[in-house]
Structures are given as structure tokens and as C-alpha cells.
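Try each task yourself before reading its solution.

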Amino acid sequence: MNIFFNLIGILSLLSYGHGYIVGLGRSDCTGPAVEIGFMGYANIKQHGKGIHLRQFARTFIVQDQITNERVVFVSVDAAMMGHSVKQDVVNKLQNKYGNIYRMDNLVISGTHTHSAPGGFLTYLMYDMTVLGFVKDTYMALVNGIYESIERAHNNMRYGRIFISEIDVEDANINRSPSAYENNPKEERDQYLHNTDKKLVQLRFEDLNSNIMGAFNWFAIHPVSMNNTNRLISSDNVGYASILLEKNVNPNDLVGNGSFVGAFASTNLGDVSPNIMGPKCEKTGNSCDVLSSKCPKGEGPCFASGPGQDMFESTKIIGNRLFDAASKLLNDRGGKEIVGPIAAIIQNIDMPTQKGQFNNTILNKIEEYQGCLPAMGYSFAAGTTDGPGLFTFEQGTTTENPMWNLVRDFLAEPTEEDKLCQGAKPILLMVGRSNFPYDWVPRIVPTQVLRLGTVILAVSGRRMRKHLKQVVESEIGKDFDVIVAGLSNLYTSYIATPEEFEIQRYEGASTLFGPHTLTIYLNQYEKLTRSMLRKERIDPGPNQPDLSERQISLNPPVLYDGHPAGRDYGDVIIEPLALYDRGDEVFVKFISGNPRNKVLRGETYFAVEQKQNDGTWKIILTDADWDTKFIWKRTNTILGLSEISFYWKISSEVTRGTYRIKHFGCSVHHMESLVESEKFLIETLEYFIDHEEKLISELKSKIVKFKALHKQENQTTDEYLSNPINEYLLMKRLYSDWTEVNSQISFGAEFVQNNYKYLVDNQLLPSAYDIGGAADAIFRLQDTYSINTENFASGKIDGVEVNATMTARDCFDLGYQAYGGKNYQKASEWLYESYKRTKLEGRELTVNWKDLLDALSNSLFQIGNVEAAYNFAKELLDKYPDNEKAGVDFKKYENLLYPNEENYGSDPQNTEIIDPFDYNEHEFNRYMKVCRGELTKSAKEQSQLKCFYEFHASPYLKIGGVKVEQVNIYPPVVIFHDVLFDSEIELMINVSKSQLHRSEVVGESFGESIVGEYRVSQNTGIHSKEHSFLSKIDKRIEAITGLSTESSEGHQVANYGIGGHYEPHLDFTSKFGDVPLDSWERDGNRIATLVFYLTDVLKGGATAFPYLNVKVSAKKGSALFWHNLYKDGEGNYLTRHAACPVLIGNKWSNNVWLRERGQEFKRPCDLNPDHESDDVWISLLGK
């Protein structure tokens, strides 16, 4: 019955009829993978060497529809939680959302895994064995928790909540039974077991009964992975969460998918998963029950799990938890939670708490007094899950003079302290230790959240029963209690007064003395009554701010290197060519230190499977159970290291071709580059001091370099945490310093020799490194859809970083892309350089001739001939003798303004590369339609109508759909306002991570290739994987009159600046792109529906060259037309295109409806005139 600290309460009236708005979210919060100590076993030797399972934060938000009050609960794969982490999360939330999220309505709970990096609790005793504060761990938790709440916020929808429970056998035992047996017999007789066997589940559903998520609580320590483990792991409860999520999200990678499943911590204080029990390591004999000691020569006392090793034990226990939770989920039973939402919080100074408490559980009045925090001797003995140090034993109730000398040297307890702590002999008087800062907290937040008919509390059975009585006395109704532990602030353990007397590990770790639980029982009774009565309470004393006093003894990564003639990412040991299921793949790479960049939300490894179309799809990452990686430093002096990757091939893996990719920083060891620049600065300063002939340009450069370096050096980690500064630092070292070196006179051998030393020892970035840094920026833009102007201005994915780029910086980056024939990125960055050069009024900083030439040519290559023409004209105006400019200008002019008699001339003269050699006449029509030069006549426009359609489907009887005709024959219409913003946001969010370069049909029918005439990214999403799409499919059927049975799903596409798709057909033909096998199965594409997911400021319209129709993208609307006549023949007038995006970012969703399933929706008609189309009579207003 030992219990952990902090209370979260959620309670309510059964009859209260409030509805809920519910949101769930998840985010990676994995900290540094190597060299940082793990938090849990307090073993200074247990530091990370890699990853087995990643850490995640999982969140649910519930909002009362009537009062708009919210409560938020976050379960985090971390050892526990710290107040500073929660405070910083709240600060970030309030910066974005105002006062919606606060300290009183947010609870953050750690799962208590002992295999994750520490250094985030800000109190010395808890961070001591991790060698102090670790910023990377801290920020990974803050940002991961924040993102999980943000995602839950963005996913909020109307929903229902159910509570159910099930017993789980063979998953836990009591590791301190002798202490439990000291509890009153009448209390023990109320329970069948000496541990809690009940798993409680909250199930979240939307109003269509689609399951959104499930949060589970079961009493178990996540210590299946023992103190010899060196790989980050979320342990048994984390593995159970992954199993639950993969079961509902089978096609998503670990950490992805709409369903969120969590196993949160509960009353796990004395509960172990090592169900085989404690045995002496060398003999297998039983340990002493009270002291957990073995006879001399039999080794330490260890408890073991049900498997052959800690990995198998973790898997077995995790599966047992998953099986129980999955059964509850599948049964769909339980009691629905209803009622209001409320929250209350109060800080209390534990040592000052004093009074009387009516213990209704034991039927007696108890005197209580809080103590200054202290740790007992048995704390150092550890537990049977992880034995401690030296000769300490559990159950110790007497002092040792030698250890008392050590104790008193640190902080000596007073007689009052000893008397207060009672049976506990004090080993560490942590309440009087404040050097260099506080060792443990004494001010503790107590918190209750009310959620319908449930209360979540952090204590054990005694607290649960007491609070049930409290609520019943207040409101006269029954309710449920869920125990949730390790929340908001960690203060070790809470033993009952009777367990405290035995002084096992848990009692010795109960900081505030024998009455700790009694204080909490009294405090939570007062808090609960105040919340139910809606009374305002004093918030209590403030938590101390220790952020400025943190100390870290963890050394930074000083240097990374690779063997001569080899590079980062080179393979040391290749995998075999052939494997079978059950085999383990092993591969080893040359690597940098993973601490160079914490890849939170990313992966250090990926297993990719080759698809039928030749592309590669990620099927596993370093977050999967079947994978693990181990990093090893092979030479400290040279900074050499290697990384080994293991993949156990499961029985579910399909046969095919696979590859393994290793990811790290795109440039290595940025801190060493800062030192290199410092060395160069000192070298140049020496030259300036000792040479009389100083060039004014060099003086200005040194001022610039020093200012930038000062910013780098003061906050190196922060400065290098954004890609702009990384790129600018490397570019400065590669380009600017090379230029300085070339300007120095022959006599300045000192400077030149020092510069040569850095080059020869590979301490400066190479051209290859610069290319990698540029590619990294392009990749970031593509992955997170960051437009170039924002990126250059330091606005990266909604965050403003303290760095911007000049016109010259943008030019260098654009020219890098131009040289690599990445014309899309070249045009974006060169145009940004053009704009900034105009604003800065410093054309001499950029070679104007090179800029205009590369810009015009890049724009031409991506199909924006008009813009290419304008910049070529500007170049020719400035440099009329430039022969190349004259040739390019003439070429672009001929494309834009051809003589009518030249239509049909040899397209090779245009130098446009067309995959299918379609004629120049069509291309010109397409361009003119995009520019608005070809439009319908006034007479044609007067015949077009707008109207509401109510009769096409019973679905439309009540609301109807707004229809706008844009062409009468063939019919092309716009359906307005057919998507909700929330649906659009979901479409984009689930698609972003899966985007790839769009492909088209090649020369061979059924062959997919990348074509330069289609510049966009896309991916396919399906209603089978994403339930919200099912509603949209029904809406499609209602407004189009066609079935979605054989549709190709939803193809979400993203067009950036210049993104386009030249004229093409959607149905199968020489110009179509329907794969052959699907054509035989489902028939041709009978119709196309294009949802517009964003507005586009300029460009990005859908153009029909032969109909003189241009439809601008309007968020929430849909464009629709039939591709086939009713006899199945294709209608070539439906040839269409996506005009280039000039300003903005275009997202669309294409839905192609196929012939199968339309037999009665759009019956075949053999009329050769193809004029009859009854489906469209109402839509044409006839």
C-alpha cells in the first residue's frame, strides 16, 4: 500500500448532463540518447548508449460544453515530473493560447521508467547521479509535452468518455510484503491481494462512436529493464502503449496515428513487475524477507521477471497489460462519464503541517506533524528491483557511527529532526542541505481535477477510499477514483504510518516523516470539499525558482572526427544480402556523437522497404520494439565513434527488398566550428596588430566576425539550435574567411599558415559540407512547408529565431541550389536575394549579373516563363551587351508572344522538355488561361448560374449545397463550403510527414516517373486509416451522385512557389496516369473532384486550356467534372492543368472516382452524340 506523491482529482455528479469536447495528442520527448545518466536506479554508471524505445508524451484534454472549463492530463515516458518543467510548459501554452491552460488545470504525470535520461528535476539529490542539470533532457521534455498538448488542442471534437476496469493477474507482486503486513488486519482483509490488480481505463469516443484514445492506469513499476540497461526505453508500460496504438493504427509508424493509447503511473510504490520474486544471484536461494539480504557468498538479492532476460520480461509484462486494455477497448463496455469540470490547486509547506485528522478508514483520530525532509538508511539499500550500495540493508532502524559522520559533514540533523522522523534513522538530512542549492523540495503542489463522475488521485487504497467517503458526504452520489502518480513534482515515496515503522526502502524514502500520508489525506479532503463547494482558496507559498542556480558536470562533446579516407555514414559492417523471418540484421556505421543534435521527433535509423513503383517506404524507426541502436566512442582523442544497428525481423514482415539508413546532423560538430572561428579571429587580430598596412575592408570584417562570434559563444547551444545559424556559420567559415585569406599580402605568413593548419586538419567546413548544410535547409523547408521569405527572416515553423539572412546569404544559398539543378529552390532563394538587395540598397554585395541570369533561367526551368522573361529583360536593360541575356530574352519572348502563324512549329526551338511532346499551341493556351488572357466571352459567362442543390441526394434535403457553374458543356462546377476547417487541418497534418515528389506516367504504360512538368509533392490517405475521411466520402457521394466504393482514396498535394502541373488528362490514355492493374480492376476514372485546402494569393488556379476556364483555389470548396462520356469514352476537352503558384502555398486533395460501382449511379449510354447526362439535369438548372 505504499504510495507516491501528488494528487490529481476528477469527480462529479452522475446526474449532471454536461457534454464534452475532447482532444488527444502525442509527441516525441526523447532526450539525449548517449552519455547522459538515467534517472531511477540512482546508479552513476548507468548512462545511455543508444535507444530501444523512444519516449513519448500523451495528452487528453476535456472541455465542458457549457462552462468551457478544461482539464488536461499528460502521461510522459519519464521517471517522474518536475515543477520547473510544468511551469515552462504552461508558459509556452499561455504565450500561444492565453489563460486557457494554467497550473491548476494541467497535470503532468511521469510513467516512472528507469531507463530514460535524467537531469531535469532541478533539485540536487535527484539530479546528483546524473551529474547535474541536463539542458537537452529538460528541453526535450518541455517541448515534447507542449507539442502533445498542442496536438490535442488542435484535434478537439465533440465526444464521450467511458470508464471501465479489469483485473490483471501475473503482472505484479509486492516487493515489500513485510511492510504491507504491518498495516491493520481489518484494512488488509478488505482486499484479496497485497497489490492492486485492477486496471482502470478511460475510453474516449467521438459522437460517431469512433475510438479516439484510451488512457489506462495499472499499479506496476516500469523496471522490467534493470540497472544494467544502457538503452533508452519506456519499459513495460511504454511497450504496452505502443502495442495498443499499433493495434488501432496498424499502418502508422510508432508515434504516429490518430489513436492515442497511454499507460500512466498509479499507486506503484511497492509494486514490482519482477514476478519471479527476489532470489540470491549466485545460488537462487530466497532472500531474507525483511532485509532483502543474502548469506555471505550468495551474491546480491535480485528479483527477476518472467523472461530469459530483461528484454523478454519487458515484452511479456507489456503484452499482459496490452491484452487487458485491448479487451476493455474491444468490449466497448463501462460506465459513461458525465458531469461538470473543475480544477483546484494549492501549494503547502510540508514540514509546517500540524493538526488532527479523523481517519474514517481506521476509525481513529490521528495527530500529525510534518518533518523536514530526510532520507533513511534503507534508502541506500535500494530495492530488489535494483539493489543499492555498500552494505546497507532494508529494514534498518538503527544508526551507524561511521555513516553518521559522513551525514553530519553534509548536514547534521537536530534532535528535533530525529524525533520527528521516528523509526527512520537519518542517513541524509536533505531538508537542511542547500549547498549549492536545495537538495529536495519542501513546498508541494496539491491538486484536484474534476471530470464528470471520476476522481483521479495520486495515493493508494487508503486515499481512494477516503475520498469516496468525502464526496459521498458532500453530494450523496457514488463516483469512481483513479489513482494517478508521479505528477507535477517528485518527492520520493509516501508510505502509510504502519509501513513507515518497518523502514523498508519505501518507508526510508518517505521524506516528510511517518505522518506524510496523514497530511495528504487531510489536505486532499479540504481541497476536494472546497472544489465541490466552489470555494476560493489561498494558493499557498510559491515554489522556489532554482533555474539560475543549476550546475552541470556533464562535459560537452568536445570533438568529432572520422578516420582518414572515410566519412560519416560510411558502412563499417555491411548487412547480409539475404535474411529470413526471425533473423537479426546487424549493420555498423561511422558516426558522430548523437548528442550533437537530439533528434526529437525524428530517428537515427530507418528501415525502408522498396515499393513496386521503385520508391522506398519507411516501415520501422528507432522507436520500434524490433530495432535498437548502440553508439560507441572508439577513440576519445581523435573523436572517432561508431554506431551499431540491430533489427530483429518479426514474423509480420513481408518478403521484399529492404535498406537501412542512418541519420545524424547534416554537418558535424558545430561547436568545434565555433572554436575554429575563434582561432581565426585571434589569428587575424594578431596580423592586424603587427602589420601597419591594414586594409579597411579587413577591419570591417573583423568587427563583423567578432560580433557574430560573441553571440555564438555566449549561448552556443541556443545559437546552434536553429538551421540558419548553422548554415551561416559554415558559410562564413568557408566563403568569407577564404576571401579574407586571399586578400592577405604575401608577407602575412603567420595568418596564412594558421588558416592552412585548420584546412589541413579538416577543422573548417568543405564544399561538400556547405552543400549538405544547404540541402538540410531545403529539406527543412519541404518537410515543414516553410516558405523562403519566412525562413530567411528567421520565422521557422511558427518560431522566431534570433537570426536573419542578408541578400548575399540568400544569393549564396540560391546559387548552391542552381548549381545542383534544384531550380525550384534556386528560384525561391534567388528571388528572395533580389528582393533583399533592392531593400538593402547594396547591389554591390551581390553580383547583379549572376543573380538575374540564374534567377531568370531557374524560373524558366520550373515553367514560369513570364517571370523569366521579366528578369531577363531587366538583365538586358542593365547589360545590353550581354550576349546570353539577349538570347534568353528572345527565347522567352517567343514563348510568351508567338506569332499566330508560328503555331505548330517545331517545339524543339523552345527548348522546353516535354515528356510526351504535346504541342506548343496547347502550352501557350494553358499559359494564357493562367494569366487570364483567355477567358469566356460575355455571352458564355451570362449563361452560367449559381444555385442551391437540394434534390441530388437525401443528404442534401435539409441544408443543400452551393453550386457554381464554370462551364456548361462538358459540365464543370464548383461546390462551395463543403469542407470544415477542422477537416482541412486534419488532412494536411496527417499528410505532411508522408509527402514525396509527385510522379506521372512514363513512356511505358503503368510506369511511374518524376516529370519536370509536374512540380509538387503528394501522398495518398485513405478512410480505412483515417476515420474522418469516411464522413467526407459520404459527402462526396451526396453532392456528385457517384459512389466512392472504387475511388483511389484521397491524394493530398502541396504546391510551393512555382509548383505546377502542366496540361494532362485524368482518364487512361497516352496522357493519363492511371496504373494498368487498377484500371483492369476498377475501370477508368469516371470523374474528378478537387478539394482546395488553402487559399492562394496569386497563381495556383486550375486551368482548362480548351474551355477557357480558370478556377482559383478557394479554401473549403471543391471543383468537379466528369472525365468520361456516358459510353465510357474519354472527353479530351477535360484536359486541365495546375497553374504555377506565384505567391502563397497551395494544398489540394484530389479524389478520382472510378467506373466500378457506378453502374446504377451513371448508367452507360451508347448515344454517339454523348449529349445525354441525366445525372446533371438538376445541376444544370433544367
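A disulfide here is a pair of cysteine sulfur atoms within 2.5 Å. You're looking at a predicted model, where local features need pLDDT of at least 70, side-chain atom pairs count only at pLDDT 80 or more, and totals for chains, interfaces and linings use all residues. Residues are numbered from 1 along each chain as its sequence is written, and side-chain values use heavy atoms, with hydrogens and water left out.

**Exercise 1.** Work out which cysteine is joined to Cys287, and what hand the link has.

Step 1: Check the sulfurs: Cys287 is joined to Cys301, with an S to S distance of 2.1 Å.

Step 2: Turn to the torsion about the S-S bond, which is about 105 degrees, so this disulfide is right-handed.

Step 3: Cys287 sits in the loop between S15 and S16 and Cys301 in strand S16, so the pair ties together parts 14 residues apart in sequence. (Strands are DSSP runs of E, at least two residues, and helices are runs of H or I, at least four, numbered from the N terminus.)

**Exercise 2.** Decide whether Cys930 and Cys1139 are buried or exposed, and describe their link.

Step 1: Buried means under 20% relative accessible area, exposed over 50%, and partly exposed in between (1.4 Å probe, protein chains only).

Step 2: Cys930 has 17%, so it's buried; Cys1139 has 3%, so it's buried too.

Step 3: Their sulfur atoms are 2.0 Å apart, and the torsion is about -85 degrees, so the disulfide is left-handed.
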